[in-house]
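User: I'm new to this one and would like to learn how to read it. Could you walk me through a few features?

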Amino acid sequence: MRDAITTDKVILEHCLTDEMAADPMIKELAKVKHDKHVKLKICVDFKYAP
Amino acid sequence: MCRLLQALYGLKQAPKTWYAKLDAFLKSQGFDNIDPNACLYLQKDDGEIIIVLVYIDDLRLVGSSMEAINKIEKALRKRFEMKDLGEAKVILGPEISCDRMLGTLMLSHGKYAAQVLEKFSMAEYNRIATLLEVGLQLAKSTKSDGSLPYREGAGSLMYLMVGTRPNLAFAVGKQSRFVSGYGKEHWESVKRVLRYIKGSVDKGLVYNKTASGILQRFSDADWAGDHETRRSTTGFMFIFGGAAVSWASNSQKTVALFTIEAEYMALFEASKEAVWLEKLIQRVTMLVTQSDNLDGPVSIKVDNSGCIHFAKNPVEHKRTKHIDIRYHTLCGMRSRRTRSSSSTA
C-alpha cells in the first residue's frame with residue numbers, strides 16, 4: 001500500500017470528519033450528526049418524514 | 001449409463017452452458033464483455049450505446065435510444081425464445097423509478113419495507129429519527145429466546161441494507177453478531193430500526209445524471225468500538241452519480257492497538273473494492289469514449305491525518321511494526337497499476 005502511495009498510484013485525501021460519508025457505516029449517529037448527513041445528500045435520503 | 005448430448009435444465013452444467021451460449025451470441029453481435037463477474041455487455045454502434053445486463057436468463061437492455069434497444073431485442077428474439085416485460089420496474093428486488101424530467105433514477109425497497117413492517121406488527125408503531133441509541137452495547141446472551149422473531153427481523157433488515165439502505169449497515173452488522181444468542185434487549189434494537197424504517201419507507205438511492213460522474217471513495221474506522229471484543233469497525237462507502245454504489249460495515253478481524261492501525265486496516269478493505277469498481281468504470285469509459293488508456297491515480301478520502309502520514313512514511317516505527325503482515329502485503333504489487341488485492345486477500 002505504501003508503495004502505491006509513494007509512487008502516486010494511490011492518493012489519500014484528507015477530509016473533514018463532518019464530511020466523511022462513511023461515518024454512518026462505523027457508529028451510531030446522534031440526531032444532530034444524523035441530520036448533518038441528511039444535508040450532505042450523498043447516499044440514501046435519510047430524511048425523517050415528520 | 002447415458003451420455004447426454006446437451007445440458008439439461010437443473011444440472012450443474014446447465015447455467016455454464018447457457019452462459020457460454022449467450023456470451024457467444026452477444027459477442028457475435030458486436031458486444032464487449034465488460035466484466036465477466038458482473039455479466040455486463042456493452043456495444044457502441046453508430047454513436048448509440050447499448051448495455052445488456054445479464055442475470056442468469058433475465059436480461060436488462062439499456063440504450064441511448066429506443067431504436068438501439070429495439071434493434072438488439074429483435075436480434076435476441078430471432079435467436080432465443082423470450083418475453084418482453086416492458087419498461088423495467090424491478091431489478092433483482094429493488095424497485096426502479098425514473099424521472100426523465102429531473103434526470104433521476106431511484107432504487108428503493110418501498111413495498112418490501114412495508115411488508116416487513118406488517119410482518120413484525122410494527123406498522124402502528126411511532127416513527128423514530130435515528131437508528132440505534134448512541135453508545136448502545138449489546139452482549140451475547142447465553143440462551144436465545146425462541147419466542148422472539150429476532151433472526152427473521154435481522155435477516156429482513158439485512159436484505160434491505162444490501163439492496164438500497166446503506167445507512168442500515170452498521171445497525172445490521174451489530175445485530176447480526178447475536179443471532180446465536182439473543183434476548184429482549186436485542187429484539188428491542190431490531191424494533192427500533194424497524195421504527196426508523198417506518199419513517200422512511202419510500203426512501204431509496206437516488207442517482208442523478210447531473211451529479212458527479214467521478215467515483216468518490218470514503219474509508220473510515222471506529223477504533224475499539226465493540227466493548228466486548230475490543231475489535232474496531234471498518235466502514236467504507238463509494239458514491240457515484242450522486243448516490244452510494246458500494247458500501248460495507250464490518251468488524252475487523254484482528255484487534256487494532258491504535259486508531260491509525262484501525263484506519264489502515266479499513267483502508268485495505270476499501271481498496272479491494274475500489275480496484276474492482278475502478279476497473280469497471282474505466283473499461284466502460286474506454287469503450288464509450290474510444291480511448292486507449294485511462295490510467296490515473298485512485299484517490300480515497302480518509303479523515304485521519306495520522307493514517308495518511310503513516311501510509312506515506314516508509315519508515316517502520318517501533319509502535320507500528322506489529323501491524324499485521326496482511327496489511328502490508330500490498331507492497332508486493334509494485335508492478336501492477338493499482339492495489340490489486342485479489343491475490344493477497
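Analyst: Two strands pair if DSSP finds at least two bridges between them. Helices (H or I, at least four residues) and strands (E, at least two) are DSSP runs, numbered from the N terminus. In this predicted model, local features need pLDDT of at least 70 and side-chain atom pairs count only at pLDDT 80 or more, while totals for chains, interfaces and linings use all residues. Residues are numbered from 1 along each chain as its sequence is written, and chains are lettered from A and ligands numbered from 1 in the order in which they are written.

User: What stands opposite Leu107(B) in β7(B)?

Analyst: That's Leu205(B). Strand β6 (residues 104-108) of chain B pairs with β7(B) in the antiparallel sense, over five bridges. The open sheet has three strands, ordered β5-β6-β7 (chain B), with antiparallel pairing. β5 (95-99) and β7 (204-208) of chain B each have a single partner strand, so one side of each has no neighbour in the sheet.

User: How do I read two packed helices?

Analyst: You describe them by the angle between their axes and the distance between the axes. Axes are lines fitted to C-alpha atoms, for helices over the stretch in contact, and angles run from 0 to 180 degrees between N-to-C directions. Here, helix α7 (residues 259-289) of chain B packs against helix α8 (residues 305-312) of chain B at about 70°, with the axes 9 Å apart. α7(B) and α8(B) are therefore roughly perpendicular (65 to 115 degrees; under 35 is roughly parallel, over 145 roughly antiparallel and the rest oblique).

User: Which residues of α7(B) and α8(B) make the contact?

Analyst: Contact means that the C-beta atoms, placed from the backbone, lie within 7 Å. From α7(B) come Thr259(B), Ile260(B), Glu263(B), Tyr264(B) and Leu267(B), and from α8(B) come Gly306(B), Cys307(B), Phe310(B) and Ala311(B).

User: And how far can I trust the model?

Analyst: Check pLDDT, the predictor's confidence in each residue, from 0 to 100. Where pLDDT is low, the predicted coordinates should not be read in detail. Chain B has a mean pLDDT of 85, with 89% of its residues at 70 or more; for chain A the mean is 73, and 60% reach 70 or more. Be careful with residues 330-345 of chain B, where pLDDT stays under 50, and with residues 42-50 of chain A, also under 50. For the complex, the predictor gives an ipTM of 0.82 and a pTM of 0.85.

Key
Contact = placed C-beta atoms within 7 Å.
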